[in-house]
Amino acid sequence: MKNNLIKISITLIACLIINPLRTYAHPGRTDIYGCHTCRTNCEKYGLRYNEYHCHNGGGSYYPSSNETTTKRKSTDNRIKNIKINNKELIVTDEMAYKTKAETLDIDIILNDENATYEINKKDLQIGENIIEIKVTAENGSIKTYKLNVTREALSNNTNLKVLINNYEINFNDEINVPLETQDLVYRYVLEDENAKLEVTGDKDLKDDKNIVKFLVTAEDGTKKEYQLVVNKSDEIVYKSEAWTSIITTAVVSGGVYYYIKKHKN
């Protein structure tokens, strides 16, 4: 029995001498198998960078440069944000937008940066227009959004009202103002708020007869000019059979009075 123990002990010692265990004393935690990947000072320990090795007698593994990891491509083909002519819309499968413009400036942000989109954008016709937005995900799947655009016609409304002390002036009338009057005091109302008005001749009135011109430009470019005759005079009452009536209108500005002569009916 004693001889057998001696033989076993000798055999174990011989194995240790022939195959000594190598101990790696470099930093880094090991996994559950007692292994890890060398990241720093690898040559100091006889290893290659990124070499996977074990400290419990296991072998080493170094990944081949030909090995690749396959990434699953995204299926996300959704729109995250959409703006038309700087106006943000709520994203739905079908969206609606109204405009008077001939073209649209469409700005789109997708949910996935690897997705792409295309728009069958075209010049808009008056009335209903259908625009499709196709979003293609990274994996090739496609989602189509519909944009219903209504293009409204531009207005040709050139109607204008001119008022003095809240009295609406008839452009067939002539306005008499005192000699000391420099500027015509009035206010105006455009029937279409999108129309524009340019007034000339209402400042620095000259003695005697003045023609004040009101040029209205409609939204579609249509123009119409209105003219008002303004006389500077020291006359207060008009006595002539050429006129059917005399209307006196007080203007708030400094208690100045305007006298309006009306033409025959």
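Which residues in the largest nonpolar core touch the most other members?

Modeller: The model is a predicted one. In the largest nonpolar core, which has 18 residues, Ile79, Ile82, Leu104 and Leu147 touch the most other members. Several strands contribute to this core: strand S3 (79-84), strand S5 (94-99), strand S6 (106-110), strand S8 (127-136) and strand S9 (142-151) each supply at least two of its residues.

Leaving aside residues up to four places away in sequence, Ile82 touches Lys87, Glu88, Leu89, Val91, Met95, Ile106, Asp107, Ile108 and Ile133. One of these contacts, Ile108, is also the bridge partner of Ile82 in S6. S3 and S6 run antiparallel and are joined by 5 bridges.

The open sheet has the order S4-S3-S6, with antiparallel pairing of its 3 strands. Its edges are strand S4 (87-89) and S6, each of which pairs on one side only. From one strand to the next, the twist averages 25°. In general, strands of a sheet pair through backbone hydrogen bonds, and the arrangement is either parallel or antiparallel.

The charged end of Lys143 sits over the ring of Tyr145, at 5.1 Å from its centre.

The largest core, with its 18 residues, includes Ile79 and Leu147 among the members with the most contacts. Apart from it lies another core, of 17 residues, including Ile169, Val177, Val212 and Leu228.

Next come the aromatic rings. A pair of such rings is described by the distance of the centres and the angle of the planes. The structure holds 3 aromatic pairs. One of them is formed by Phe171 and Tyr226, which are tilted, with 5.0 Å centre to centre and 35° between the planes. This pair links distant parts of the chain, 55 residues apart: Phe171 is in the loop between strand S11 (167-168) and strand S12 (174-177), while Tyr226 is in strand S16 (residues 223-232). Tyr226 counts as buried because its relative accessibility is 11%, and buried means under 20%.

Another pair is edge-to-face: Tyr186 and Phe214 stand 5.6 Å centre to centre, with 85° between the planes. Tyr186 lies in the loop between S12 and strand S13 (187-190) and Phe214 in strand S15 (residues 208-217), so this pair ties together parts that are 28 residues apart in sequence. Phe171, Tyr186, Phe214 and Tyr226 form one aromatic cluster.

Thr158 counts as buried, at 9% relative accessibility.

Leu215 and Glu225 are 10 residues apart along the chain, and their C-alpha atoms are separated by 4.4 Å. Leu215 is partly exposed, with a relative accessible area of 25%.

S10 and S13 take part in a further sheet. This open sheet of 3 strands has the order S11-S10-S13, and its pairing is antiparallel. S11 and S13 stand at the edges with a single partner strand each, so one side of each is left without a neighbour in the sheet. The antiparallel strands S10 and S13 are joined by 4 bridges, and Leu163 stands opposite Arg187 in S13.

Finally, some totals for the whole protein. The protein has 1 helix and 18 strands. Of its 265 residues, 30% count as buried. Among contacts between residues at least 6 apart in sequence, 47% join residues at least 24 apart.

Notes: Residues numbered from 1 in each chain as written. Predicted model: local features only at pLDDT ≥ 70, side-chain atom pairs only at ≥ 80, totals over all residues. Heavy atoms only, no water. Phe/Tyr/Trp six-rings, centres within 6.5 Å; stacked < 30°, edge-to-face > 60°. Buried < 20%, exposed > 50% of the residue type's maximum accessible area, 1.4 Å probe, protein only. Lys NZ or Arg CZ within 6 Å of the ring centre and 35° of its normal. Core = buried A, V, L, I, M, F, W, Y, C linked by side-chain atoms within 4.5 Å. Contact = heavy atoms within 4.5 Å. Pairing = 2+ DSSP bridges. Axes fitted to C-alpha atoms, helices over the stretch in contact; angles between N-to-C directions.
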